[in-house]
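Keep the viewer open and try each task before reading on.

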Amino acid sequence: MKAAYNAIFKRTSTYAAGIMLSVFFFERGFDMASEAIWTSVNKGKLWDDIKHKYE
């Protein structure tokens, strides 16, 4: 715990940078997961699945 405090939480700038990096990676992971769920639920109804019928 002391190592984490000295590495991240001791300075406000590193604490803020850690929060920003955490938020960035959480957002990317959440976006990828929600996109995968959306695609699997709507499989067969999306343009990429049916465009061969119309071209």
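**Exercise 1.** Is D31 buried, partly exposed or exposed?

*Solution.* Start with the conventions. This is a predicted model, where local features need pLDDT of at least 70, side-chain atom pairs count only at pLDDT 80 or more, and totals for chains, interfaces and linings use all residues. Residues are numbered from 1 along each chain as its sequence is written, and side-chain values use heavy atoms, with hydrogens and water left out.

Next, take the cut-offs: buried means under 20% relative accessible area, exposed over 50%, and partly exposed in between (1.4 Å probe, protein chains only). D31 has a relative accessible area of 33%, so it is partly exposed.

**Exercise 2.** Find the salt bridge that D31 takes part in, and place its two residues in the secondary structure.

*Solution.* A salt bridge is a side-chain nitrogen of Lys or Arg within 4 Å of a carboxyl oxygen of Asp or Glu. Searching the whole structure by this rule gives one salt bridge. Its partners are D31 and R28, with an N to O distance of 3.6 Å.

Now look at the spacing: D31 and R28 are three residues apart in helix α2, and therefore about one helical turn separates them.

**Exercise 3.** How many helices and strands does the chain have, and how spread out is the chain?

*Solution.* Helices (H or I, at least four residues) and strands (E, at least two) are DSSP runs, numbered from the N terminus. The chain has three helices and zero strands, in the order α-α-α from the N terminus.

Along the principal axes, the C-alpha trace spans about 60 × 20 × 10 Å.

Two further values complete the picture. Buried residues make up 2% of the 55 residues. The accessible surface (Shrake-Rupley method, 1.4 Å probe; for residues, only the protein chains shown count as cover) is about 5200 Å², and carbon and sulfur atoms account for 67% of it.

**Exercise 4.** Which residues form the nonpolar patch on the surface?

*Solution.* Patches are made of residues with over 30% relative accessible area and no salt bridge; like charges are joined within 9 Å, and nonpolar side chains (Val, Leu, Ile, Met, Phe, Trp, Tyr) within 5 Å. The members here are Y5, I8, F9, Y15, I19 and V23, which together have about 560 Å² of accessible area. Helices α1 and α2 are the elements that give two or more residues to this patch.

Check some members one by one. Y5 lies in helix α1 and is partly exposed at 43%. I19 lies in helix α2 and is partly exposed at 40%.

**Exercise 5.** How are the rings of F9 and Y15 arranged, and those of W47 and Y54?

*Solution.* Rings of Phe, Tyr and Trp (its six-membered ring) pair if their centres lie within 6.5 Å; planes under 30 degrees apart count as stacked, over 60 as edge-to-face and the rest as tilted. The count by this rule is four aromatic pairs. For F9 and Y15, the centres are 5.4 Å apart and the planes meet at 55°, so the pair is tilted. W47 and Y54 are stacked, with 6.1 Å centre to centre and 15° between the planes. As for cover, W47 is partly exposed at 49%, whereas Y54 is exposed at 60%.

**Exercise 6.** Where is the confidence lowest, and where is it highest?

*Solution.* pLDDT is the predictor's confidence in each residue, from 0 to 100. The chain averages 93, and 100% of the residues score at least 70. Confidence is lowest in helix α1 (residues 2-9), with a mean of 85, and highest in helix α2 (residues 12-41), at 96.
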